[in-house]
Amino acid sequence: MSSPANNSTSFAPAAAARPSERDQLDRRVLELTTLYEISKLLGASLDLEQNLSAILRILNAFMGMRKGTILLYDPLQDELSIRVAVGMTPEEITRGKYHKGEGILGKVMLHGLPMVIPDIGAEPEFLDRTRSRGDLLSQAIAFIAVPIKVGGATIGVLTVDRLFAERVSFEEDVRVLCIVASLIGQGVNLQQHVVREREGLLEQTRSLQQALRDRYRLESVVGQSERMREIYEAIHQVSQSRATVLLRGESGTGKELLARAIHYNSPRAGGPFIKINCAALPQTLLESELFGHEKGAFTGATATKKGRFELADNGTLFLDEIGDLPLDLQAKLLRVLQERSFERVGGTQTVAVDVRIVAATHQDLEAAIAAGIFREDLYYRLNVVPVLLPPLRERREDIPLLTEHFLAKYNQENNRKVRITGRALQEMLDYDWPGNVRELENSIERLVIMSRRRLILPEDLLLPVNPEGGHVERVTTPAKARSKSASTPSARSLSSLRDTERHQILQALTQAEGVQVKAAAVLGITPRQLAYRLRRHQIVRSFQPVS
Ligand SMILES: Nc1ncnc2c1ncn2[C@@H]1O[C@H](COP(=O)(O)OP(=O)(O)O)[C@@H](O)[C@H]1O
Ligand SMILES: [Mg+2]
């Protein structure tokens, strides 16, 4: 090893007598003990400042080194500053700041090589910026500085002072200190890695929470129809309370979306939103999912497990498909709603929770009560604030807004710029959407992904023909509303329009003897448009073109 600076800073053996073999052996043992202690320390804790000062104290105690400092370099500020020091006052520490290349420390930093100054009083490059050594000339002090490296890059400097007269060669000091510095480097690296990882995780959690909040704010519920506005108002009112809300409506009308909106607009927004689908699990599993179980409660219960009620403490529990909850569990649920406490399956200890309940179902609960499969008392407990989500076909004015919303969403997700023509939108307005908003959303996602053009035409839609005489999975509205929905004027006029079109197509096909190109000409449309309408009216098979 050689010094990149001048000769005065090289670590020529001190002018001390050669140590005896015995001395050398003692020293080896000491060195090893020192290194062992330091590596033990670094393995035990990630507290950087604490570790570094402990290292200096060990060096001091075992190796008799005097003052010691550990400096770390901040590349953003081009500043090498003292992180920990032994034998210095806080003011002295704050004065110890250097740029790369500046003075001895700056040079060690710049070149990544150790330096020794046998007598700092005689060294012009020694800046003595900390002014911690009193009158330099009164004592003969040697100063050793070694680079702290991580993977070849110098990240700081380790320094020690040593009295000139001590009978050890600097070379040996440098060797030990280099090992110590590399241990420090690994420690710093690990600590920074952990800090970065922790910060990354925190950041991730923050942005996830933000995303969740954005997603389920009521603002992200699309729809400006009268019916939806009434719902927004109801939701805003109940959000602030902990009142139980019962959301009803056909599948795909947005019950879950609203349940989340209620949670994220409530004072519990910072707490958990926990969902459980009561129709998805057999009774015994559902029970332990809801209330948890104690270890050994049943075969396979190898550990105590918290149920969704406990997980939702201080938050909201969304009981989806509540109409499908088995009778036994209805009784248990009722008790929890009344007493706000329960026992885990196989347990005796009572668990108290603070949970807001939002339940949802597409079932006709009144009919279920009449049939004896839903408890009336539970129904009243749940039905504190009932909210009915109308099917999409009863609020067609929301279709354009929803279409825009989902186009924007899936265009962004798929990096596309698909738009929809007025005529295609008209088709969508005419369609009954038995799967409600979910069906609309899925259709648009498919269109955005599959469409080769930028513009969606009516023939791209491929909407299924509305089933004769009604809709899939009818909403469980009171009888009055039900009869109204079946005979809405728009539904009636639409079906007669469709009938007329179908009739015209059949006529044209008959006239053209089944030749589609000719039939299209008769109708004044393109063969492609005709093909689409044939599919739409499901009359393809009865009129194969003659070859
Ligand atoms: N008013 C709405 N605005 C925006 N998206 C909606 C709306 N209603 C439903 N959706 C979307 O439609 C899909 C189905 O809604 P969901 O809440 O799961 O319905 P449900 O629980 O009633 O079956 C979800 O992707 C949801 O985000
Ligand atoms: Mg649902």
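Which helices and strands each supply at least two residues of the lining of the largest pocket?

Mentor: Please bear in mind that this is a predicted model. The elements that each supply at least two residues of the lining of the largest pocket are α5 (170-216), α7 (255-264), β8 (273-277), α13 (399-414) and α15 (436-450). Helix α7 gives the most, with 5 residues. In total, 30 residues line the largest pocket, and its volume is about 780 Å³. The residues that lie nearest its centre are G254, E256, L257, V437 and E441. Sorted by class, the lining comprises 11 charged, 10 nonpolar and 9 polar residues. As to how such a space is found, rolling a probe the size of a water molecule over the atoms shows where empty space is left.

For a reader new to the structure, the open sheet may be described next. This sheet has 6 strands, in the order β3-β2-β1-β6-β5-β4, and their pairing is antiparallel. Its edge strands, β3 (97-98) and β4 (115-117), each pair on one side only. In general, strands of a sheet pair through backbone hydrogen bonds, either parallel or antiparallel.

Let us follow the pairings in turn. Strand β1, residues 68-74, is joined to the antiparallel strand β2, residues 79-86, by 7 bridges; here G68 stands opposite V86 of β2. Helix α2, residues 48-63, packs on the sheet and touches β1, β2 and β6 (153-163). The direction of α2 makes about 60 degrees with that of β2.

Strand β1 also pairs with β6, again in the antiparallel sense, over 5 bridges. In this pairing T69 stands opposite T159 of β6. Strand β6 is itself mostly covered, since 8 of its 11 residues are buried.

The pairing of β6 with β5, which spans residues 141-150, is antiparallel as well and runs over 10 bridges. One of the facing pairs is V150 with its bridge partner A153 in β6. These two strands form a hairpin with 2 residues between the strands. Within this hairpin, G151 takes a positive phi near 50 degrees.

To draw the two parts together: the lining of the largest pocket draws on α5, α7, β8, α13 and α15, while the open sheet is built of β3, β2, β1, β6, β5 and β4, with α2 packed on it.

Conventions:
Residues numbered from 1 in each chain as written. Chains lettered and ligands numbered in written order. Predicted model: local features only at pLDDT ≥ 70, side-chain atom pairs only at ≥ 80, totals over all residues. Heavy atoms only, no water. Pairing = 2+ DSSP bridges. Helix = DSSP H or I, 4+ residues; strand = E, 2+ residues; numbered from the N terminus. Contact = heavy atoms within 4.5 Å. Axes fitted to C-alpha atoms, helices over the stretch in contact; angles between N-to-C directions. Buried < 20%, exposed > 50% of the residue type's maximum accessible area, 1.4 Å probe, protein only. 1 Å grid on protein atoms, 1.4 Å probe; cavity = no way out; pocket = protein on both sides within 12 Å on 5 of 7 lines; lining within 4 Å. Points joined across faces, edges and corners; volume = space filled by probe spheres on them. Nonpolar A, V, L, I, M, F, W, Y, C, P; charged D, E, K, R; others polar.
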